[in-house]
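Here is a short report on a single model. It covers confidence, then a helix, then the strands.

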Amino acid sequence: MASATAAVPAVATPVVTAPVVATPVAAAPAAPAPADPVTDLAAEKPPESARAFTTAGVGWWLQLGAFSRPDGAQAFQQKVAEQADWLAPLLAVFREGTLHRLQAGPYPSREDARSAAERVREALQLVPVLVERR
């Protein structure tokens with residue numbers, strides 16, 4: 001029974017991992033330089049880029065866009081993070097072949113992902129595509 005209980009927190013860990021990324025993202029608004037906020041955004045790129053080139057976790061993801069160039073995907077990632085700060089910790093850019101896909105997740109269930117997609121649709125006037133990674 002103890003091992004079954006240990007398995008449940010392990011499943012919850014990927015969901016909890018996303019808020020860990022929120023700490024650096026939250027640091028940008030806390031320390032904006034009045035003259036040059038671009039410097040703060042440049043400082044935030046390494047954590048996002050570090051996650052961007054990791055393997056996507058298993059679960060449901062919202063794809064917000066696909067770009068041929070990585071700088072296009074990263075620029076859109078910053079724009080989305082500015083407009084929907086609650087989504088920022090879940091954003092990642094994944095390179096698959098010649099495309100760089102901006103996705104948010106992972107969500108533990110399809111229903112959670114659909115709920116998040118509705119919120120994204122309302123907040124950003126953007127229709128995300130649900131993607132399941134196994």
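Buried means under 20% relative accessible area, exposed over 50%, and partly exposed in between, with a 1.4 Å probe and protein chains only. Helices (H or I, at least four residues) and strands (E, at least two) are DSSP runs, numbered from the N terminus.

This is a predicted model: local features need pLDDT of at least 70, side-chain atom pairs count only at pLDDT 80 or more, and totals for chains, interfaces and linings use all residues. Residues are numbered from 1 along each chain as its sequence is written, and side-chain values use heavy atoms, leaving out hydrogens and water.

**Confidence**

pLDDT is the predictor's confidence in each residue, from 0 to 100. The protein chain has a mean pLDDT of 72, and 58% of its residues reach 70 or more. Over residues 1-53 the pLDDT is below 50. Beyond near neighbours in sequence, that stretch has 36 contacts in the model (heavy atoms within 4.5 Å).

**Helix α3**

Helix α3 covers residues 70-83. The expected span is 1.5 Å times one less than the number of residues. For these 14 residues that should give 20 Å, and the end C-alpha atoms are 20 Å apart, which agrees. Buried in α3 are Ala73, Gln74, Gln77, Gln78, Val80 and Ala81. Seen down the helix axis, the buried residues of α3 fall within an arc of 165 degrees, so they line one face. The arc is that of the directions from the axis to the C-beta atoms.

Aspartate 71 also sits in α3. Its relative accessibility is 41%, so aspartate 71 counts as partly exposed. The side chain of aspartate 71 makes a polar contact with that of arginine 69, at 3.3 Å. A polar contact is a pair of N or O atoms within 3.5 Å; within protein, one must be able to donate a hydrogen and the other to accept it, and residues adjacent in sequence count only if both atoms are side-chain atoms. Histidine 100 is 29 residues from aspartate 71 along the chain, with 9.1 Å between their C-alpha atoms.

**Strands around β3**

Which strand is mostly covered? Strand β3 (residues 99-107) is, with eight of its nine residues buried. Two strands pair if DSSP finds at least two bridges between them.

| Strand | Partner | Sense | Bridges |
|---|---|---|---|
| β1 (residues 59-67) | β3 | antiparallel | six bridges |
| β2 (residues 91-96) | β3 | antiparallel | six bridges |

Leucine 62 has alanine 104 of β3 as its bridge partner. Leucine 91 also stands opposite alanine 104. Valine 93 is bridged to leucine 102 in β3. The hairpin of β2 and β3 has two residues between the strands, and glycine 97 there takes a positive phi near 70 degrees.
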